[in-house]
Amino acid sequence: MKIKKWMLVPALIVLVLLSSCGGSKSDDSAQNSKNTEVKSTELTVGTLDSADGFDPTSNSNCGLGLSLVYDPMLLLDYETGELQPNLVESWDYIDDLTLKLKIRENVSFSNGEIMTPEDVLYSMHRFIMVKTRFDPGYDVIDFENSVIDGYSLTLKLFEPSPDLLYGMCNDRWAAVVCKSYVESTDADAFWDKPVGTGAYICTENTAGSMAVYERREDYWGETPDATKITIRFYSESTTMLVDFINGVLDIALDVGKTDYLAAKDGQYDDINYKVFPTYDILSLTMPEYMPIFEDIRIRKAVAMALDVSSICNAVYGELGTVADSCMIKGARFYESVGINEYNPERSKELIAEAGYKPGEIELLMLFPSMPVNDKAATIVQAQLAEVGITLKVESGDFATVIPRLMNNECEIGLSGTGGGTFLARDILAVISETTTNAACRITDPELNKWIKLGDTSMDEQVRADAYLKAQQRCPELYRYIPIGYSNAVNFYQPGIDNLVGIIARHVNLRLVKIK
């Protein structure tokens, strides 16, 4: 890669290093790919995530390796959102509580064993047996009464679960492990000796450094382009970008906002980029456990004090979109229901109507420190001050803050889904009456009625209508104020193609094409 001659390297390092589907000068086509092609079939990828093992029930960081070592039961078409066969060849709902799966035959694990329907059922059941902190939705499966007949697996369900099939295409939740291997070894094997049906074998996994994958020549499916994939782990974006510029990396995942703007403005030669949605939503929450928020006038006053457009722009810039629903744009069943109204003068009137004088309302905002939260909190603090509300802001590391959040010490909160959440069920679970996050919980019967109907109906139109009503009901309550949706960007070298995935940090490297 070349840098424009007028740019000095020290200036570049200062300029481009702030850290936050094919893109280029626009987000949909590659730019400047006319020069040197990748001549090796090896692929080197940089990520700001870290490796933490290959147990699907506990891996929480680098999903890149999971999708190389394991195959999911189903595949998701990243462009259309449609489900496609994979380890499960076909599926059919016999009735609302019975799902029949046809498991693909003659699929081998990397240790030579043939995958069976028992391995598939066991892989799903492990999420329940080990009491994982993840919620793949498998708790609706009646494992004791599910039946294996040859290569047919019939799942009996406790209640209708229209999104169960989508859980079966998740890189983590849908990974099929070898039952005999898992039961005959210990947890250490999940660090660098996982056994899966995937296209690659992990040959090295060094914490804080790299993971190396070699292509299986006996892979049952379509042979991927890269014979070897090396994933390098970085603690910050500066070094990752420099390595990308120097050609050490073929792909740099989730680069900074300033890096993206520099590339978009043509400040680099020979660089391709692609913009991905993060499927995250930044919101402000007014907890039900706070007595002051029992008065809807105060909740409405807080909402009207917030200029969510300016907050979103300040936090995300060109990589953000102002939120117009409690559902995330791009998710199934998303509908725009309008941006939060900004009216500071009416906000002041509502505070006065509720019996408070300027300066009498004091609130504490508590959150784990990260750039998005820190910047958003500062702006919210200033905007609330303009209407006479004093906001005290405290932040810290997760280990310090989470216990305080669980103790309901946060009086007004910042919320996100964590990213990668594209199912309506999972997005709205953040605010439903069943959430474990009390700062976001909304127990309104009408809202939860619509969420429950959308989560459980097997009729797509009924689901669409129910989720629309939930999205319309949420802003009426003034408990959860959506601020913005974010995007993220990947850089990739000329000669690299087909960079696809749900989010930027979790592209499917098996599908990358090397020209």
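**Helix packing, cores and local backbone features**

The crossing of α9 and α11 is left-handed, a label used when the near helix is turned anticlockwise from the far one by less than a right angle, with right-handed used if the turn is clockwise. Helices here are DSSP runs of H or I with at least four residues, strands are runs of E with at least two, and both are numbered from the N terminus. The model is predicted, with local features needing pLDDT of at least 70 and side-chain atom pairs counting only at pLDDT 80 or more, while totals for chains, interfaces and linings use all residues. Residues are numbered from 1 along each chain as its sequence is written, and side-chain values use heavy atoms, with hydrogens and water left out.

Helix α9 covers residues 296-305 and helix α11 residues 344-353. Their axes come within 8 Å and cross at roughly 160°. Axes are lines fitted to C-alpha atoms, for helices over the stretch in contact, and angles run from 0 to 180 degrees between N-to-C directions. The two helices are therefore roughly antiparallel. Angles over 145 degrees carry that label, those under 35 count as roughly parallel, 65 to 115 as roughly perpendicular, and the rest as oblique. From α9, R297, I298, K300, A301, V302, M304 and A305 meet P344, R346, S347, L350, I351 and E353 of α11. Contact means heavy atoms within 4.5 Å. The residues of this contact divide into 8 nonpolar, 1 polar and 4 charged. Ala, Val, Leu, Ile, Met, Phe, Trp, Tyr, Cys and Pro count as nonpolar, Asp, Glu, Lys and Arg as charged, and the others, Gly among them, as polar.

A second pair is formed by α10 (residues 308-316) and α12 (residues 371-385). Their axes lie 9 Å apart, at an angle of about 150°. This pair is therefore also roughly antiparallel. Here the crossing is right-handed. In α10, S310, I311, A314, V315 and Y316 take part; in α12, their partners are V372, K375, A376, I379, V380 and Q383. This contact comprises 8 nonpolar, 2 polar and 1 charged residues.

The largest nonpolar core holds 65 residues. Such a core is a set of buried Ala, Val, Leu, Ile, Met, Phe, Trp, Tyr and Cys residues joined through side-chain atoms within 4.5 Å. Buried means under 20% relative accessible area, exposed over 50%, and partly exposed in between, with a 1.4 Å probe and protein chains only. Y138, L155 and M168 touch the most other members. Helix α16 (residues 460-477) gives the most to this core, with 5 residues. Beyond its neighbours within four places in sequence, Y138 contacts M73, M124, F127, I128, F143, L164, G167, M168, W173 and A174. Another core, of 38 residues, lies apart and includes L282, L284, I389 and L391.

D444 sits in the loop between α14 (424-429) and α15 (445-456). Its relative accessibility is 15%, so D444 counts as buried. Leaving aside neighbours within four places in sequence, D444 is in contact with E288, R473 and L477. The C-alpha atoms of D444 and R473 are 9.4 Å apart, across 29 residues of chain.

Most residues other than glycine have a negative phi. Y279, in strand β12 (residues 272-285), has a positive phi near 50°. At 13% relative accessibility, Y279 is buried. N408 is not a glycine either, and its phi is positive at about 60°. N408 lies in the loop between α13 (398-406) and β16 (413-415). With 34% relative accessibility, N408 is partly exposed.
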